[in-house]
Amino acid sequence: MLSRFQSWRTKKAWQIPRENDLPLRSELFSLDQLIHHAKKLAESHKVFIKPGSNRLLACLDENEKSLRAFNRETLAVDETRRITHAAEWLLDNFYLIEEQIQLARRHLPKSYSRELPRLLDGSSARLPRVYDIVLELISHVDAQVDVESLSAFIKSYQTVHPLKLGELWAIPIMLRLGLIENLQRVAERLKIARQHRDEADLWMTRLQDVAETNPSHLVVVMAELAQSDPSLSSSFVAEFCQRLSRQRQEMHWVRNWLEQRLSEQGEVTERLIHQESETQAADQVSISHSINSLRMLGGMEWGEFVETMSVVDETLRKDPTGVYARMDFATRDAYRHAIERVARQGNLPEWDAAEIALDLAETSAAKEGLAARSAHVGYYLIDKGRPLLDAAGRVR
């Protein structure tokens, strides 16, 4: 019993809130609305920094299994049965989805996300803050992520709470995870809708066969249908009515039964048929946007993005000697890594560590002149001035 309880507790600890597996699809925001929402989101976030389990990898594994199962089931659909345009999009681009899953797994080692700030509460409690940020962006652009919306959203968020360098570098990984999560959620809805359509098709086939061969037993099949209490979802009703419209006049009372059952639930046939059409269109758009956004991630220059968004980089570019801005990317990145180490060992924000290094350089420049080595921020990050930076930052 103890073993079973420990297994159950471990499984629960790795589960991620799914919000009933609804697609990441909220109110569509303009660029100005996204900027405003990012600030509100930052104000609502409460974070803590403490190593924890990497539940995102477990979620990625679950999503991969679910998407693979959906792909197999879609390929196995009888040729006489139609599949929706959304399912076709998933089927045609499944190779890309698999490729992105492997990329996400390779770029998210088990120890990586443990160091990222996590949320204290909310639907993403105990998950990395940056993951919740990208989920919010995805949901308010219907998975149509581009450089402009992403940059504006992250920049606006940082006017309230700057992000760590590790978080900025994690954005492409988290975007992949979020888009794959969205694809899985939509695929799950498509799977359920297909099951409901298959159920409607099965009953209509039975009713049609009985109506043609033994009309007197039609009432018996109708009684079985009523007793089975089918899920009168929009998918079921749309498929049922489509098949019913092609039947002979003597089947009209079957539609009467359906309308009566829907009336008892406060629904009408026409509304559900219209709803099904809208749902299929929305699912197709979400899937196409998610897949195109995954393609966009592969072509984006993330090093340039991180530098543009980084508060640390912005601070170091104020280097009195102007040397930092003229260095190549690898050297600037080495400086930023030095800032990360100082911040981690001194238990202070990265941007504070960068400000301390800049203050030391500016003080030296005022005393010794710009030609002095100590007037350059790098002197305190990777050279003999490092003890001065450690002392100022109270590094242990």
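Figure 1. The model is predicted: local features require pLDDT of at least 70, side-chain atom pairs count only at pLDDT 80 or more, and totals for chains, interfaces and linings use all residues. Residues are numbered from 1 along each chain as its sequence is written, and side-chain values use heavy atoms, with hydrogens and water left out. Glu 307 forms a salt bridge with Arg 317, their closest N and O atoms being 3.5 Å apart; such a bridge is a side-chain nitrogen of Lys or Arg within 4 Å of a carboxyl oxygen of Asp or Glu. The pair links distant parts of the chain, with Glu 307 in helix α13 (residues 302-309) and Arg 317, 10 residues away, in the loop between α14 (311-316) and α15 (323-326). Helices (H or I, at least four residues) and strands (E, at least two) are DSSP runs numbered from the N terminus. Arg 317 is partly exposed, at 36% relative accessibility. Both residues belong to a network of salt bridges that also includes Asp 313, Arg 332, Asp 333 and Arg 336.

**Figure 2. Two further salt bridges.** The whole structure contains 27 salt bridges. One of them joins the side chains of Asp 61 and Arg 105 at 2.8 Å, N to O. This pair connects distant parts of the chain: Asp 61 lies in helix α3 (residues 55-75) and Arg 105 in helix α5 (residues 94-107), 44 residues apart. Asp 61 is partly exposed at 32% relative accessibility, and Arg 105 is partly exposed at 25%. In the second bridge, the side chains of Arg 271 and Glu 267 meet at 2.8 Å, N to O. Arg 271 is partly exposed, with a relative accessible area of 40%; Glu 267 is partly exposed at 22%.

**Figure 3. The largest pocket.** The space in the largest pocket amounts to about 770 Å³. Of its 29 lining residues, Ile 49, Glu 115, Pro 117, Lys 164 and Glu 350 are the closest to the centre. Helices α8 (165-213), α16 (329-346) and α17 (350-368) each contribute at least two residues to this lining. The lining comprises 15 nonpolar, five polar and nine charged residues; Ala, Val, Leu, Ile, Met, Phe, Trp, Tyr, Cys and Pro count as nonpolar, Asp, Glu, Lys and Arg as charged, and the others, Gly among them, as polar. On a 1 Å grid over the protein atoms alone, a pocket is an open set of points with protein on both sides within 12 Å along at least five of seven lines, a cavity is a set where a 1.4 Å probe fits but cannot get out, and lining residues have an atom within 4 Å of a point. Grid points are joined across faces, edges and corners, and a volume is the space filled by probe spheres set on the points.

**Figure 4. The largest cavity.** Four cavities of 30 Å³ or more are present, and the largest has a volume of about 40 Å³. Leu 56, Cys 59, Leu 60, Asn 63, Tyr 131, Leu 177, Ile 180 and Glu 181 line the largest cavity. Helix α3 gives the most to this lining, with four residues.

Notes:
Buried means under 20% relative accessible area, exposed over 50%, partly exposed in between (1.4 Å probe, protein chains only).
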